[in-house]
Amino acid sequence: MSMMADPLERGCPSGLAPPTEDRASDFSAFVRETGREKALSLSVRGAKCGGCLSKIEGALQALPGVTAARMNLSTGATDVRWTGSLDPNRVAQTVRDLGYGVSARAEANDADLHKAEERKLLVAMGVAGFAAANIMLLSVSVWGGHGEMGEATRRGLHAISGLIALPAIIFSGRHFFSSAWSVLRKGKANMDVPISLAVILAFSVSVWATIKGAEHAYFDACVMLLFFLLIGRFLDARLRRRAYSAALDLASLQNRSVNRLSANGEVNAVRAAEVVAGDKLLLAAGERAVVDMTILDGASEIDESLVTGESLPRLASAGSTLFAGSVNLGAPLTGQALAGTEDSLLSDIARMMEAGEQRRSGYRKIADRAVSLYVPFVHTTAALAFLGWLMLGAGVEHAIMIAVTTLIITCPCALALAAPVAQVVASGRLFRKGVFLKSGDALERLSEIDHIVFDKTGTLTLGEPELMDVDSIPADILVMAASLARASRHPLSRALVAAAGPGHMAANVKEQPGLGLEAEIDGKICRLGSADWTGAPQDAAKGPVLWFTCGDDAPVRFDFRDTAQAGTRKTVETLQAKGYELEVLSGDREEAVAAVSRDVGINRWTASASPAVKVKRLEALRAEGHNVLMVGDGLNDAGALSLAHAALAPGTAMDISQSASDAVYSGGPEKVPFILETAKRAQNITRQNFGLAAIYNVIAVPIAVTGHVTPLVAAIAMSASSLIVTLNALRIEAGGRS
Amino acid sequence: MEIIIYLIPVALCLGAAGLAAFIWSVNSGQYEDLDGASYRILEDEDKPL
């Protein structure tokens with residue numbers, strides 16, 4: 001597996017951890033107290049394997065006073081309970097130190113609603129399965145005893161079947177009945193109408209047959225029908241809940257605390273949601289702003305890469321505006337909130353996403369299209385069968401029987417399973433390669449893509465500058481420069497440290513925001529920073545540069561570049577060979593975007609694109625009739641991500657972008673062709689499944705209409721078609737290995 | 001054949017017991033974290049001596 005190649009020291013060994021750098025909020029604002037016990041719900045990101053589970057729970061349980069720590073690996077929800085004076089921030093820090101992203105979990109009442117819905121379906125499925133199995137047991141004896149069994153025995157077995165079927169149908173069928181009833185009242189019909197009709201009619205006819213002592217009763221067929229349909233419903237509900245829990249993560253992102261300065265200069269931790277315009281806020285080093293604000297006091301460098309896509313930090317001082325999502329890299333800042341969290345940039349983007357998602361939800365799934373063709377077909381066939389037999393002189397009873405068997409046999413077991421099973425198999429295949437699919441219909445949209453738009457920073461590149469020509473720099477200079485750089489959070493300093501490797505930090509390093517660092521080494525004043533700071537000649541250098549000088553020595557130059565991830569060029573060639581049109585849409589500077597685009601072989605690129613420009617470009621492409629796939633990681637991509645026909649985000653992406661996309665992948669862009677290929681395969685299989693369901697009907701309908709469907713035939717036909725569709729879906733997996 | 005008068009109710013009761021166990025397991029949240037549960041069995045709770 002490729003993921004194993006570069007094991008991370010921290011976080012999930014599978015390499016999925018997005019270790020967040022921002023110093024998060026004060027968790028004491030989120031503690032719930034009941035009596036002596038305190039509880040905190042955390043949302044842990046990046047934990048995807050058993051090692052993570054035991055590591056996190058073990059570390060939490062080792063904290064003093066902790067009585068319980070339990071994590072749900074599927075959702076990342078972690079509940080911690082303790083007594084005594086344990087600092088809640090220490091709880092969060094413990095998880096963060098292990099290398100996972102952590103935030104206070106957003107409270108949502110709907111989450112329980114989704115959970116309850118899923119449980120209800122699962123229980124209904126269990127009940128239907130139980131009833132189907134037991135009735136089948138009795139039915140087999142009836143079929144087996146054909147011709148030999150006495151009428152009284154047969155009637156007795158039918159009666160027992162009916163007694164099992166009645167409560168099961170009422171309990172398990174109520175989802176279908178209530179849904180059918182609610183659309184019928186509006187004068188419309190959905191898939192649940194023929195289902196309800198078939199079940200109720202078949203049950204009534206069977207009761208009649210039992211009373212009369214007739215040979216055929218269809219109790220087994222109605223319960224089995226419900227059982228198969230509920231499997232499909234349940235799979236669908238589970239996929240939807242997974243998508244929903246991803247949306248909850250977005251809410252958790254805003255669930256932070258802020259250090260607010262009161263009038264008398266006291267600092268209080270309050271929830272971000274409580275901040276109103278005009279509040280004075282303190283932004284510590286490493287902290288991410290949660291609201292837009294104007295800086296009142298202090299000067300520091302600000303990392304806005306997630307807001308604008310600009311890969312280099314900018315200097316912010318009193319009077320300048322800071323957008324929500326920016327990270328303070330240097331000295332503490334005091335600012336005044338321009339708006340509450342509701343009206344900040346982050347929420348603006350969230351609103352943009354909502355608009356996009358609404359449009360996306362208007363997308364008509366192939367299953368829905370199939371159903372809209374199917375429902376009238378089933379009704380018409382059954383009605384025609386009834387009328388036909390009546391006109392041919394059969395009795396009303398017989399004609400009803402034929403119509404009911406037609407309804408049962410054409411009822412859409414295979415149709416209900418066709419799409420969900422394919423989606424479950426495909427998302428399982430993606431999951432094993434480190435791709436998390438967030439919605440079922442995403443596969444469908446991904447399979448229709450013809451145009452791919454990449455963000456640059458963090459998507460095509462690692463989002464971190466890299467020191468170039470390390471070998472040509474004298475080793476002692478590099479060591480000295482790195483000893484200064486270790487004191488700073490600036491991305492260029494970090495890149496320099498990364499290139500130099502481990503070492504010590506110089507004493508008393510002073511940082512001058514926007515200029516550079518200064519310290520005394522061996523009695524000489526050494527400086528690392530801009531050309532102005534080090535007295536280096538100004539030149540028209542392209543790209544980010546650092547200068548280093550010690551005493552009177554001539555300044556040495558360090559060049560940096562945000563390079564493309566390994567293998568990106570090959571990925572681009574693969575995609576182009578498959579006929580996709582590619583383009584780069586970045587908020588970064590022109591020369592940086594041009595260089596990376598040239599490196600990876602994409603000819604069309606746009607630089608300095610603001611979030612609004614990105615959205616506009618996506619709109620334009622849509623208007624040209626393209627189905628666009630957007631791949632991006634930043635806050636500035638979120639709007640575009642939600643507007644695209646389908647969207648992908650890398651695992652290192654900002655939470656909001658992960659929420660806005662259809663799937664999150666770990667690793668580099670080489671996952672994109674794999675995802676697209678799997679989506680296409682899943683879509684092909686789904687189409688085949690619908691085809692199989694149609695063929696099944698072509699065969700079954702004439703048999704039913706001509707009155708040859710016995711309960712045995714119905715049972716075989718229904719289970720066979722469901723089985724064939726399920727087995728066919730498994731080919732998605734098998735095909736991948738060859 | 002009178003035996004089926006006893007056997008059928010017995011079979012149904014056994015099945016119903018299984019169903020009741022299933023419903024209990026769903027409602028007590030045992031299907032909430034399918035990924036985690038499979039790893040938990042590998043966890044050593046005992047400390048080495």
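Colleague: How many bridges join strand β9 to strand β14 of chain A, and which way do the two run?
Modeller: Four bridges, and the strands, residues 293-297 and 333-337 of chain A, run antiparallel. Within that pair, A:Asp297 has A:Thr334 in β14(A) as its bridge partner. Strands here are DSSP runs of E with at least two residues, helices are runs of H or I with at least four, and both are numbered from the N terminus. Two strands pair if DSSP finds at least two bridges between them.

Colleague: Before I go on, what are the ground rules for the model?
Modeller: It's a predicted model, where local features need pLDDT of at least 70 and side-chain atom pairs count only at pLDDT 80 or more, while totals for chains, interfaces and linings use all residues. Residues are numbered from 1 along each chain as its sequence is written, and chains are lettered from A and ligands numbered from 1 in the order in which they are written.

Colleague: Back to the sheet. In what order do its six strands come?
Modeller: β7-β6-β8-β14-β9-β12 in chain A, an open sheet with antiparallel pairing. β7 (267-271) and β12 (321-322) of chain A each have a single partner strand, so one side of each lacks a neighbour in the sheet.

Colleague: Which strands make up the other open sheet of six?
Modeller: The order there is β17-β22-β21-β20-β19-β18 in chain A, again antiparallel. Its edge strands are β17 (466-467) and β18 (510-512) of chain A, each pairing on one side only. Six bridges join β19 (516-521) to β20 (524-529) of chain A, and A:Gly516 stands opposite A:Gly529 in β20(A).

Colleague: Which strands of that sheet does α14(A) touch?
Modeller: β19, β20, β21 (545-550) and β22 (556-561) of chain A. Contact means C-beta atoms, placed from the backbone, within 7 Å. The direction of α14(A) makes about 75 degrees with that of β20(A).

Colleague: And how does α14 pack with α15 in chain A?
Modeller: Helices α14 (475-485) and α15 (491-500) of chain A pack at about 135 degrees, with their axes 9 Å apart. Axes are lines fitted to C-alpha atoms, for helices over the stretch in contact, and angles run from 0 to 180 degrees between N-to-C directions.

Colleague: New topic: how far apart are the end C-alpha atoms of residues 370-392 of chain A?
Modeller: They lie 32 Å apart, and the span is 96% helix and 0% strand.

Colleague: At what angle do α10 and α22 of chain A pack?
Modeller: About 165 degrees for α10 (396-410) and α22 (671-705) of chain A, with axes 9 Å apart. That makes α10(A) roughly antiparallel to α22(A).

Colleague: Last one: how many residues does each chain give to the contact of A and B?
Modeller: Chain A gives 15 residues and chain B gives 17. On the chain A side, α3(A) gives the most, with seven residues.

Technical notes. Contact = placed C-beta atoms within 7 Å. Parallel < 35°, antiparallel > 145°, perpendicular 65-115°, else oblique.
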